Amino acid sequence: ANIELNNNTDAVRCFQKAYLLNPSGVSNINNYGYSLYLIDDLKSAEKIILKAKSLDPSNSFVYRNLGLIYMKKGSRKKACINLEKSIELKIIDEYG
């Protein structure tokens with residue numbers, strides 16, 4: 001979705017299309033939210049990723065992405081809570 005090419009605007013468009021095709025797919029929702037984070041649309045990113053969290057509260061990447069959003073927003077406590085939860089779920093081990 002062009003993330004490797006650092007074309008985040010195209011990534012948003014691609015992930016938005018995937019999300020619209022399958023709006024209940026947690027990966028689609030989470031990836032769309034992450035792409036919004038990449039273009040600094042933090043309010044929309046948080047809203048979308050919280051939707052993914054409500055559908056699958058065991059998805060480590062949801063918590064990682066929320067942690068990244070809260071870091072960028074300056075909410076250190078919320079960032080730590082979410083990043084620690086992500087690590088606890090044992091899918092990722094970065095951002096500890």
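**Notes on the helix packing and the core**

1. Let's start with a pair of neighbours: α4 and α5 run roughly antiparallel to each other (the label for angles over 145 degrees). Helix α4 covers residues 60-73 and helix α5 residues 76-88, and they pack at an angle of about 160° with axes 7 Å apart. Helices here are DSSP runs of H or I with at least four residues, numbered from the N terminus. Axes are lines fitted to C-alpha atoms over the stretch in contact, and angles run from 0 to 180 degrees between N-to-C directions.

2. Before going on, keep in mind that this is a predicted model: local features need pLDDT of at least 70, side-chain atom pairs count only at pLDDT 80 or more, and totals for chains, interfaces and linings use all residues. Residues are numbered from 1 along each chain as its sequence is written, and side-chain values use heavy atoms, with hydrogens and water left out.

3. Who meets whom between α4 and α5? On the α4 side, look for residues including Tyr63, Leu66 and Met71; on the α5 side, Ala79, Asn82 and Leu83 are among them. Contact means heavy atoms within 4.5 Å. The residues of this contact split into seven nonpolar, four polar and three charged.

4. Now compare the pair α2 and α4, which are roughly parallel to each other (angles under 35 degrees). Their angle is about 20°, and their axes lie 10 Å apart. Val26, Asn30, Tyr34 and Tyr37 in α2 meet a set in α4 that includes Phe61, Val62 and Ile69.

5. Zoom in on Leu36, which sits in helix α2 (residues 26-38). Is Leu36 buried or exposed? Leu36 is buried, at a relative accessible area of 5%; buried means under 20%, exposed over 50%, and partly exposed in between, with a 1.4 Å probe and protein chains only. Setting aside residues up to four places away in sequence, Leu36 touches Val12, Asp41, Ser44, Ala45 and Ile48. Leu36 and Ala11 are 25 residues apart in sequence, yet 8.8 Å apart in space, C-alpha to C-alpha.

6. Leu36 also belongs to the largest nonpolar core, which has 20 residues. Such a core is a set of buried Ala, Val, Leu, Ile, Met, Phe, Trp, Tyr and Cys residues joined through side-chain atoms within 4.5 Å. Tyr32, Leu36, Tyr37, Ile48, Val62 and Ile69 have the most contacts inside this core. Two or more residues come from each of α1 (8-21), α2, α3 (42-55) and α4.

Terms used: Parallel < 35°, antiparallel > 145°, perpendicular 65-115°, else oblique. Nonpolar A, V, L, I, M, F, W, Y, C, P; charged D, E, K, R; others polar.
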